[in-house]
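Here is a short report on helix packing, nonpolar cores and backbone angles. The model comes first, then the terms and the details.

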Amino acid sequence: MKTLFDKIWDAHVVSSVENGPTQLYIDRHFCHEVTSPQAFNGLRERGLKVFRPDKTTMTADHNTPTINQDQPVQDPISRNQLDTFAQNAAYFNMPLYYPLGHIKNGVVHIIGPENGFTQPGMTIVCGDSHTSTHGAFGAIAFGIGTSEVEMVLATQCVLQTRPKTMRITFNGKLNKGVSAKDLALYMISKLTTGGATGYFVEYAGEAIRNLSMEERMTVCNLSIEMGARGGMIAPDETTFAYVYGREFAPKGAEWDKSLAYWKTLKTDEGAAFDKEIVFESSDIQPMITYGTNPGMGMGINESIPTLDKVDEAGRISFQKSLEYMGFEAGEKLEGKPIDYVFLGSCTNGRIEDFRVFANYVKGKKKADHVTAWLVPGSWMVEKQIREEGLYDILTQAGFLLRQPGCSACLAMNDDKVPAGKYAVSTSNRNFEGRQGPGARTILAGPLVAAAAAITGKITDPRN
Amino acid sequence: MEKFIKLTSTVVPLPIENVDTDQIIPARFLKATDKMGFGNNLFADWRYNKDGSPKADFVLNNPTYKGSILVAGKNFGSGSSREHAAWAIDGYGFKVVVSSFFADIFQNNALNNGVLPVVVSTEFLAEIFSSVNTNPEVSLTIDLEKQIVTNNATGNSETFAINSYKKDCMLNGLDDIDYLLSKKDMIEAYEKAIK
């Protein structure tokens with residue numbers, strides 16, 4: 001009896017180091033401009049080639065502008081990093097390289113699935129912690145450092161210690177107006193940012209089964225925010241229907257063969273996990289964060305915990321966090337004015353997120369004092385926004401659409417929230433300075449973000 | 001990679017929990033294409049004012065505390081997978097980070113750069129903070145061979161865990177790529193077998 005994780009892991013073991021890590025074969029490597037240059041340098045220094053160039057997909061996304069992408073990048077240091085990325089793609093003969101402006105360009109964790117690179121049963125890595133996103137397809141997907149990027153480029157393998165397994169089950173159905181993002185923020189608020197460290201998580205239960213692929217990606221994406229090595233969901237008809245027909249998905253007889261295998265990818269009844277956690281989906285409300293890590297979240301109608309609710313060792317950090325945010329312990333945040341709204345990122349930059357946002361703002365007007373950055377996760381998402389008529393709805397409500405990239409999620413480009421300003425953000429991290437030095441981030445789902453953009457305040461979208 | 005065998009040093013205390021990699025090295029410093037110079041920007045937003053002058057209240061700017069061991073609150077290195085965090089810590093001159101708990105990816109990145117993450121119990125961590133608070137000259141000794149960390153103020157010590165492969169790499173200054181390259185035949189055999 002095996003778990004889903006065990007089945008995929010065991011199928012990728014090349015060798016095991018005695019009393020040490022496992023040598024794991026990697027089926028798909030995603031690569032971006034920020035965490036790869038030192039890895040390519042390493043190959044050059046050792047005189048090595050890329051071992052399997054067709055198993056690496058390259059896209060520029062982290063350090064890219066979200067306007068005027070057809071023009072040369074203004075910041076010379078950023079431009080150099082993008083040029084280096086291009087030079088590495090050329091020097092090492094990488095066939096799957098998608099620079100700025102390419103139709104397949106976009107946020108790495110968005111273009112992977114939408115082009116069919118991401119498939120059930122795979123091992124997937126990228127020099128980015130949100131690689132956990134791809135686990136939504138029933139894959140073992142996790143973030144790695146640059147030394148490990150070099151290992152994958154050189155050998156198509158990494159050395160990994162086998163993580164423990166955890167199953168998190170969501171019983172019942174989600175309440176109306178509650179999204180996958182709310183489910184994930186709720187879970188992280190209960191487990192804390194280190195609550196799943198050392199574990200690989202499988203998500204299960206009725207609420208998970210009912211999620212679309214986009215929503216499943218949002219949940220798996222946030223696995224790392226509770227410290228998990230990754231998160232995964234067993235593939236089912238929803239998964240197969242999503243993958244079918246995508247450019248790099250198997251075709252014809254290969255599809256039939258793959259599908260037969262994918263259908264075996266589920267946890268056997270009675271297989272044991274190192275840890276099991278169960279939540280009732282009906283307990284989950286629309287969520288916001290109030291602090292400086294994703295575990296500091298609460299229902300939108302709730303109050304920030306009072307100091308006596310925080311364990312003693314954590315009080316300095318808790319107070320430091322509230323001071324940074326300009327909030328008081330015990331305070332309610334509903335109705336608080338906000339300055340910025342960011343819709344986008346590998347967490348919520350997919351077409352469904354734009355549909356939810358557009359559906360809410362349709363026929364309404366953006367609050368004048370709010371700066372809103374709407375950043376599609378890829379050019380394919382951008383194209384779909386236009387084709388579905390969402391672009392017109394958004395512009396009529398006073399919103400502009402920017403060009404794809406990671407943008408204000410990590411603010412490496414010019415999309416920085418100014419010091420002291422509040423941003424309701426659909427991204428994944430509310431760390432100090434994450435969206436710009438001094439920026440104050442409130443994480444939320446696309447629906448809460450839409451409501452905030454219209455009212456200019458933290459607003460329960462159900463009202 | 002440099003060898004790591006044994007180290008005795010005074011420590012720099014950072015009693016903050018959940019120190020994420022965005023604090024260790026903010027994203028705007030990730031535009032470099034080499035591994036050099038990150039030490040100057042270690043903890044940049046806690047360490048410098050907007051005009052670049054040092055913030056007097058941050059521990060790295062306090063001459064009382066120095067040494068090549070950083071001691072931090074639990075869940076150190078959470079968040080982004082950026083190896084730049086390990087390069088910044090190494091570049092600044094830290095050889096060891098002591099905490100009661102590390103995030104997984106950071107731990108791997110540190111080990112791949114010859115920086116030793118040492119996991120101690122919550123109680124031992126509190127004792128170290130208390131000793132340093134009383135006397136900043138207090139030192140710790142990290143003995144990798146024996147896997148023992150000693151608080152030289154109290155003489156108390158604890159053993160710490162590290163898998164024997166990684167220990168061997170640290171003691172001998174070897175990295176994973178050398179190991180994997182030596183397994184090329186097995187990798188090709190694996191690829192044939194799955195086809």
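## Terms and model

Buried means under 20% relative accessible area, exposed means over 50%, and partly exposed lies in between, with a 1.4 Å probe and protein chains only. Helices (H or I, at least four residues) and strands (E, at least two) are DSSP runs, numbered from the N terminus. Contact means heavy atoms within 4.5 Å.

This is a predicted model: local features need pLDDT of at least 70, side-chain atom pairs count only at pLDDT 80 or more, and totals for chains, interfaces and linings use all residues. Residues are numbered from 1 along each chain as its sequence is written, chains are lettered from A and ligands numbered from 1 in the order in which they are written, and side-chain values use heavy atoms, with hydrogens and water left out.

## Helix 3 of chain B

Helix 3 of chain B buries His84(B), Ala85(B), Ala86(B), Trp87(B), Ala88(B) and Ile89(B). Their cover includes helix 2 and helix 5 of chain A. From chain B, it includes helix 1 (21–24), strand 3 (96–99) and helix 4 (104–111). Gly93(B) follows helix 3 of chain B, with a positive phi near 120 degrees.

## Helix 2 of chain A

The buried residues of helix 2 of chain A are Pro37(A), Gln38(A), Ala39(A), Phe40(A), Gly42(A) and Leu43(A). They pack against strand 3 (28–31), strand 4 (56–59), helix 3 and helix 5 (146–155) of chain A, together with helix 3 (84–92) of chain B. After helix 2 of chain A comes Gly47(A), with a positive phi near 70 degrees.

Helix 2 (residues 37–46) and helix 3 (residues 76–91) of chain A have axes that come within 10 Å and cross at roughly 40 degrees. Axes are lines fitted to C-alpha atoms, for helices over the stretch in contact, and angles run from 0 to 180 degrees between N-to-C directions. The two helices of chain A, helix 2 and helix 3, are therefore oblique to each other. Under 35 degrees counts as roughly parallel, over 145 as roughly antiparallel, 65 to 115 as roughly perpendicular, and the rest as oblique. Pro37(A), Phe40(A) and Arg44(A) make the contact from helix 2 of chain A. Helix 3 of chain A supplies Gln81(A), Thr84(A), Gln87(A), Asn88(A) and Tyr91(A).

## Nonpolar cores

A nonpolar core is a set of buried Ala, Val, Leu, Ile, Met, Phe, Trp, Tyr and Cys residues joined through side-chain atoms within 4.5 Å. The largest has 106 residues. Phe357(A), Phe43(B), Phe76(B), Val98(B) and Leu116(B) have the most contacts inside it. Helix 16 (residues 446–455) of chain A gives the most to this core, with seven residues. Another core lies apart from it, with 73 residues, among them Cys31(A), Met58(A), Val152(A) and Leu259(A).

## Positive phi and a loop serine

Most residues other than glycine have a negative phi. Asn93(A) has a positive phi, near 55 degrees. Asn93(A) sits in the loop between helix 3 and strand 5 (97–98) of chain A. Asn93(A) counts as exposed, at 60% relative accessibility. Ser345(A) also has a positive phi, of about 85 degrees. Ser345(A) belongs to helix 12 (residues 345–348) of chain A. At 1% relative accessibility, Ser345(A) counts as buried.

Ser282(A) lies in the loop between strand 12 (275–280) and strand 13 (287–289) of chain A. Ser282(A) is partly exposed, at 44% relative accessibility. Leaving aside neighbours within four places in sequence, Ser282(A) is in contact with Lys173(A) and Asn175(A).
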